[in-house]
Amino acid sequence: MLKINKLLIASILIFTQLSLAAQNNTNSPYTRFGYGELADRSFGAGRAMGGVGVGLRSPKQINPMNPASYSCMDSLTFLFDFGASGQLSWFDDGINKQNNVNGNVEYIALQFPIHKRLAMSVGLLPYSYVGYSFGAQRTNEANLNYVETYNGSGGLNDLYVGLSIDIWKKRLSVGANFGYFFGNIKHEQYSIVGTGNTYNANRSQNLEVRDLKMDFGVQYTHPISKTEEVTLGLTFSPKKRLHSTYTNTSVKYTENGASEVISSDTLKNQTYDIPNSFGFGASYVKKDKLTLAADVLYETWGKAHFYSSDNNFKNRVRVAAGGEFIPNAQNRNFFSRVRYRAGAHYSNSYLMINNENEDPAYKGNGYNEYGVSVGMGLPLIDNRSLINVSFEYTKIKPGGVNMIDEQYFRFTVNYTFNEMWFWKKKVE
């Protein structure tokens, strides 16, 4: 009972901080557009395997990428998963170079059985990140030099409750996540007089989202032998028009520091959408030895509205593949029981980026993302719980000239607590 109370207290504290902490995981200038950078929603093993998850089905890992996976756990196990990451980013616009360091909590989740064929998961995940700060020297019509600075912060989060049930011979399962979708995205633009540090003008834009969200999944597992099986997975997240509030405020500052609100508008009739999302995944598992998996994700961003416009986005495709190898799961040697993982992924950006000068070489372009990852699952003394670490290198290749080249190295660590809490000891 004591360990349950400690874990619950820690979970509550982390839940209360996660939505704020997750907002500092990026410095990308591309997060100025749309909902920002879309988060990787894979946990533990899947993160080091390129971010796969749709076809993964393991009784030792929580996998919210496909809610049908929850029911694969046995009726005696309790799972707790907590993850954090750090990131080093490099930016190059062809003239200037910059690097930044970020890091924070990413997610937390619990999973437990309700019945031998039914399981539940509860968790808090990031959906997107916004975080940037950059500026430029400008000259106005009166030939007055000033500095224009742009800052952004926030993101969207998904607090979910998921259910999964085995409906046929431990082979066919279905599941659903019921989520509370929330977050704030804030953009600020400052104009600073060149002769001093007084703000000449400030424009602040804030998007607040509060809504419900659903995700559905199905998995079919086909045994090849006593130790081998293949799993096919499908996921679907329906398009959603979000309940949102958009606030736009402009403030002017005088030379003596006094402020004057020029305009302030609060709009609730603008349309903001998240798209239909379709996922297909497959995995091959040789028990306690080898796992191979691949995913394809397709999102219809091209039909999604943002600030009542349907010209901001384009459809997104993400492809990922990876594997896990265990030398000898029964050996006493620690390194023989370590789970060695590697993977790769590719995706195109959902953004159609436009700049203020309408540069033809810049307008309408997005970027492509290429990444590779490696990692390990380090077994603890009980050989059930794991410390998972992954290292990921990602290259952001812009689709047009005059755009910023970006690359980052990300380190992720998560703790997977796996305990037989529902097993009653017999007293002789």
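Student: What makes up the lining of the second largest cavity, by class?

Tutor: By class, five residues of this lining are nonpolar, three are polar and three are charged, where Ala, Val, Leu, Ile, Met, Phe, Trp, Tyr, Cys and Pro count as nonpolar, Asp, Glu, Lys and Arg as charged, and the others, Gly among them, as polar. The model is predicted, so local features need pLDDT of at least 70 and side-chain atom pairs pLDDT 80 or more, while totals for chains, interfaces and linings use all residues. Residues are numbered from 1 along each chain as its sequence is written, and side-chain values use heavy atoms, without hydrogens and water.

Student: Which residues line the second largest cavity?

Tutor: Among them are Tyr30, Gly36, Leu351, Tyr367 and Glu406, and S17 and strand S19 (405-419) each supply at least two residues, a strand being a DSSP run (E) of at least two residues, numbered from the N terminus.

Student: What volume does the largest cavity have?

Tutor: The volume of the largest cavity is about 830 Å³, and the lining residues closest to its centre are Ala39, Arg41, Leu297, Glu299 and Arg316. This lining divides into 20 nonpolar, 14 polar and 14 charged residues.

Student: Why does methionine 352 count as partly exposed?

Tutor: Methionine 352 has 28% relative accessibility, and because buried means under 20% and exposed over 50% (1.4 Å probe, protein chains only), with partly exposed in between, methionine 352 counts as partly exposed. Methionine 352 is found in the loop between strand S16 (339-348) and strand S17 (367-379).

Notes
Helices (H or I, at least four residues) and strands (E, at least two) are DSSP runs, numbered from the N terminus. On a 1 Å grid over the protein atoms alone, a cavity is a set of points where a 1.4 Å probe fits but cannot get out, and a pocket is an open set with protein on both sides within 12 Å along at least five of seven lines; lining residues have an atom within 4 Å of a point. Grid points are joined across faces, edges and corners, and a volume is the space filled by probe spheres set on the points.
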